[in-house]
Amino acid sequence: MGFELTDGGALRQLYFDGLEPQKIRRFNPRFLSKLLLVLKPPPALAERIYADASHHAEGRTLREAYPAELLHITLMCIGCFDTIPQGLLSRLKAALGEVRARPVPITLDGSSLFGNRNSLVLRSSREMPEIDALVKMLQRALWRANLPYIPASSFTPHITMIYGCGKIEPMPAGKPYSWLAGNFELVFSHNGETRHDSLGRFALSAKADRYEPPESQLPLPEKVIGPRKRANRKLVAR
C-alpha cells in the first residue's frame, strides 16, 4: 500500500510513548564560555599594558581594565561550550603539538574602539603576516585531525584592554608594545567570570621553516595589451 505525503498521519511527527520530541534549545554564543587559542604578552609587558589602560580609564569609564594575566590576542575560537569539553582535549593537544612554527614578532602601537559594545583595544598600524600564517597553520592542523573550529570572517590581531567601556577616546599612542611570542596557549575562557583555565601551552621554534609569504595579486603590466588592431588598408581603385 502506498504512503502519500498528503495523508494526515504523514503530517505529524512520529514519537514513542514517553519520548516526546524535545524543543530545540536556542542559544547565543555570546553567553557561552569559549575554548580559545591565544598569544599572551610576557608578564612584565602585560603589567605595563594594564597600568596604562587603568590610567586611561580614570574619569572616562566605570569599567575597569582587564587583568594583566588575562590579556591576550585571540588566534581562533575552537568552539562555545557550557563546560570544558574533556572529550576533545587529548585530540586537540595531540594535533596542536604537531604544529611546527616559528616565534611570532608582535608590535601593537595604537588603540581604537572595537565591537558592538565599544571595547578599547590595542592594535597595530602595520600588517603582521606571521600571525596570519600561524592562524592558517593551526586551522590546517585541526582540519587534518577532523577537529572543530570556528573560522573567522575576518581576522584583526588585537588585545582588548577594557571591555564594554562605551564611546571613549582612544588611548594616546606612546611607546609601542612589542614582544616575540615564543608559544601559543589553549585556554578555556569562562563567560562572565573574568577567568581563564590554561589547558596547554605549545612552544614555537626558531628551527621551524619560515612562514609562507602572504598571497598577493598578480601584478599587471602598466599597459593592458588588447587585441591587435588591423592595419588600415587603403582602397586602391583599379
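**A cysteine and the spaces**

Analyst: Happy to! C165 is found in the loop between β6 (159-162) and β7 (177-181). Keep in mind that this is a predicted model.

User: Is C165 buried or exposed?

Analyst: C165 counts as buried because its relative accessibility is 8%, and the cut-off for buried is under 20%.

User: Which residues is C165 in contact with, leaving aside neighbours within four places in sequence?

Analyst: Those contacts are T61, R63, L113, R117, N118, S119 and L120. As for A57, it sits 108 residues from C165 along the chain, and their C-alpha atoms are separated by 8.5 Å.

User: Nice. Switching to cavities: how many are there of 30 Å³ or more?

Analyst: There is one. The largest cavity holds about 50 Å³ of space.

User: What lines the largest cavity?

Analyst: The lining includes L108, D109, G110 and S111, along with L122, and also M171, P172, A173, G174, K175 and Y177. By type, that lining divides into six nonpolar, three polar and two charged residues.

User: And the second largest pocket, how much space lies in there?

Analyst: About 270 Å³. It is lined by 16 residues, and K40, P41, P42, P43 and A46 are the closest to its centre.

User: Which helix and strands each supply at least two residues of that lining?

Analyst: α1 (43-57), β7 and β8 (183-190) each do. The lining of the second largest pocket divides into nine nonpolar, two polar and five charged residues.

Conventions. Residues numbered from 1 in each chain as written. Predicted model: local features only at pLDDT ≥ 70, side-chain atom pairs only at ≥ 80, totals over all residues. Heavy atoms only, no water. Helix = DSSP H or I, 4+ residues; strand = E, 2+ residues; numbered from the N terminus. Buried < 20%, exposed > 50% of the residue type's maximum accessible area, 1.4 Å probe, protein only. Contact = heavy atoms within 4.5 Å. 1 Å grid on protein atoms, 1.4 Å probe; cavity = no way out; pocket = protein on both sides within 12 Å on 5 of 7 lines; lining within 4 Å. Points joined across faces, edges and corners; volume = space filled by probe spheres on them. Nonpolar A, V, L, I, M, F, W, Y, C, P; charged D, E, K, R; others polar.
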